[in-house]
Amino acid sequence: MVLAAVVYLVPTFVTELPQAWKDYLPSQRIHLGLDLQGGTHLLLSVDLQKAVQNSLDQTVEALRRELTEAKLNADSVTRRDGRIEVRVPNSDRAAVTDLLKERFPDLEVTGSQTQNGSVNLDLALSKREERRLREFALDQSLETIRNRVDQFGVSEPIIQRQGAQDIVIQLPGIQDPQRAKDLIGRTAVLEFKILSEAADPREVAEGRTPPPAGTEVLTGVDTERVGGRAQRVQYLVETKTLMTGEVIADAAVRPATQLEGPYVALELNSRGAKMFEDLTAANVGRRLAIVLDNTVYSAPVIRERIGGGHASITGSFDIKEARDLAIVLRAGALPAPVTIAEERTVGPSLGRDSIRQGVLSFVVGGVLVVLFMLVYYRGAGIVADLALVLNMLFLLSALAGFQATLTLPGIAGIVLTLGMAVDANVLINERIREELRLGKTARAAIEAGYERALPAILDSNITTFLSGIILFQFGTGPIKGFAVTLCLGIVSTVFTAVFCTRVVYDYLLAYRRLQTVSV
């Protein structure tokens, strides 16, 4: 066990490991938390209600399609906040109800109203389906953010759920929180739309002309080819989305040319390639707006049918912005918007000071404890000190093996563990000393000492362990870090203080013929 613990700890203290070690032996080091090496802490709140509304929008489109295929004439199918209103002739009510039960089992009819030969049906998602959508949206957001952070190149990030709709993100070493927020919080909904020339977009944006039916004004940034001056531009686009970013297979940054900056090259999957080819063939001579999160990035003129499944996004961004854009497109879109609920930036100097002070206090305290045990318990103190060393070795190797993150509260948990380990050894030595005073032999005193000390050791450690479990279950961030080291430390303490020291005494009694105990 000692050899295995050392193997697990080597990567933590040796920076350059040989390739053979990385191939066959553990190579993960103890992770340092945000408070020890600095970085960015973000708490994101996912708008789960928006995810439910997006699902309702898709259900509306599917419902219209199913009613048309069933040759049922619906006067209107619209979404109103968290419900769907369907207006159909009263004569078709039974057929529509049967279609809803068969094709849309997750929709429930919550009300109906008959008026002038038509009936209005109020539909809502079942509670179970709404709960499933919220869970799915949160899990998908977590996975998308994890993919973006991985491609961002952050080592050892912490990304985990917190509560019903929040996600905690800790990015060690990241001192540019704004770039991290722009990358992680971007919804990244990519849409391809056709520009409309039915009206002047500036007049529509300023309210001097009503927007033509089926159009909307979006804003973009246009950069002059000569001079490179960027200015905000309004575009009048058709509201109908011809293609979305779901068909993107890959996205990569391409270097700048003489007149244009870097751009993002898109590779579409087979379905997207066919859709893009049909889209460009049907709109030759018109401008195609490439819209990301309701912002027009580029609007090139379609010269000819474009096959092969390749497209590009140009815009007035530098190489860093183009790289971040490619990352979010590769990682996929978030299922719902997210907002920054909490933001903290921890400087690396604080972490270095914490590590230095923590190590200094640990070394000074440990040396004093070791000297005290040697002076006060003499030979038994050596056995107790051996148990303390093994305790720290097993605890740190467990942190490395379980990929736990060591935080400042975690160091406090280690110090508390050290104190409990000393207490357990003191209990055992004092009981042995009492038995020796009664005139018992070394073997009888050791057996009686362990037997009398064990209930007290187990009682205090089990209650503390249960407290650590509760802290881990209901705590967050630093509290969990403290709970992890505390629980691992207690298990290690009981093992080394009770089992390992007893093995040493049994060895001395059996093979060294121990006659007296120096305690």
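Is Tyr376 buried, partly exposed or exposed? Tyr376 is partly exposed, because its relative accessibility is 41%, a value between the 20% and 50% limits of that class. The views below start with this residue, and the model they show is a predicted one.

**View 1. Phe372, Tyr376 and Tyr377 form a cluster of rings.** Ring pairs link these three residues. Phe372 and Tyr376 both belong to helix H11, which covers residues 348–377, and four residues, about one turn of the helix, separate them. An α-helix has 3.6 residues a turn, so residues three or four places apart point the same way. A search of the whole structure finds seven aromatic pairs. One of them joins Phe372 and Tyr376: the ring centres are 5.4 Å apart and the planes lie at 10 degrees, so this pair is stacked. Phe372 is partly exposed, with a relative accessible area of 44%. The rings of Tyr376 and Tyr377 meet in another way: their centres are 4.9 Å apart and their planes stand at 90 degrees, so this pair is edge-to-face. Tyr377 has a relative accessible area of 2% and is buried.

**View 2. Four strands make an open sheet in the order S3-S4-S6-S5.** The pairing here is antiparallel. Strand S3 (76–80) and strand S5 (107–115) are the edge strands; each has a single partner strand, so one side of each is left without a neighbour in the sheet. From one strand to the next, the twist averages 20 degrees. Helix H5 (residues 93–103) lies across strand S4 (83–89), S5 and S6, and runs at about 15 degrees to S6.

**View 3. An open sheet of three strands has the order S13-S14-S17.** Again, the pairing is antiparallel. Four bridges pair strand S14 (residues 263–268) with S17 in the antiparallel sense, and Ala265 stands opposite Ser312 in S17. Helix H9 (residues 270–282) packs on the sheet and touches S14 and S17; its direction makes about 110 degrees with that of S14. Helix H10 (residues 319–331) lies across S13, S14 and S17, running at about 170 degrees to S13.

**View 4. Ser298 is found in strand S16.** This strand covers residues 295–298. Ser298 counts as buried because its relative accessibility is 7%. Leaving aside residues up to four places away in sequence, Ser298 touches Leu288, Ala289, Ile290, Ser312, Ile313 and Thr314.

**View 5. Helix H1 spans residues 2–13.** At 1.5 Å a residue, its 12 residues should span 16 Å, and the end C-alpha atoms are 16 Å apart, which agrees. Which residues of H1 are buried? They are Ala5, Val7, Leu9 and Pro11. The cover over these buried residues includes helix H2 (19–24) and helix H12 (379–401).

**View 6. Arg502 meets the ring of Tyr450.** The charged end of Arg502 sits over this ring, 5.3 Å from the ring centre.

Technical notes. Residues numbered from 1 in each chain as written. Predicted model: local features only at pLDDT ≥ 70, side-chain atom pairs only at ≥ 80, totals over all residues. Heavy atoms only, no water. Pairing = 2+ DSSP bridges. Helix = DSSP H or I, 4+ residues; strand = E, 2+ residues; numbered from the N terminus. Axes fitted to C-alpha atoms, helices over the stretch in contact; angles between N-to-C directions. Contact = heavy atoms within 4.5 Å. Expected span 1.5 Å × (residues − 1). Buried < 20%, exposed > 50% of the residue type's maximum accessible area, 1.4 Å probe, protein only. Phe/Tyr/Trp six-rings, centres within 6.5 Å; stacked < 30°, edge-to-face > 60°. Lys NZ or Arg CZ within 6 Å of the ring centre and 35° of its normal.
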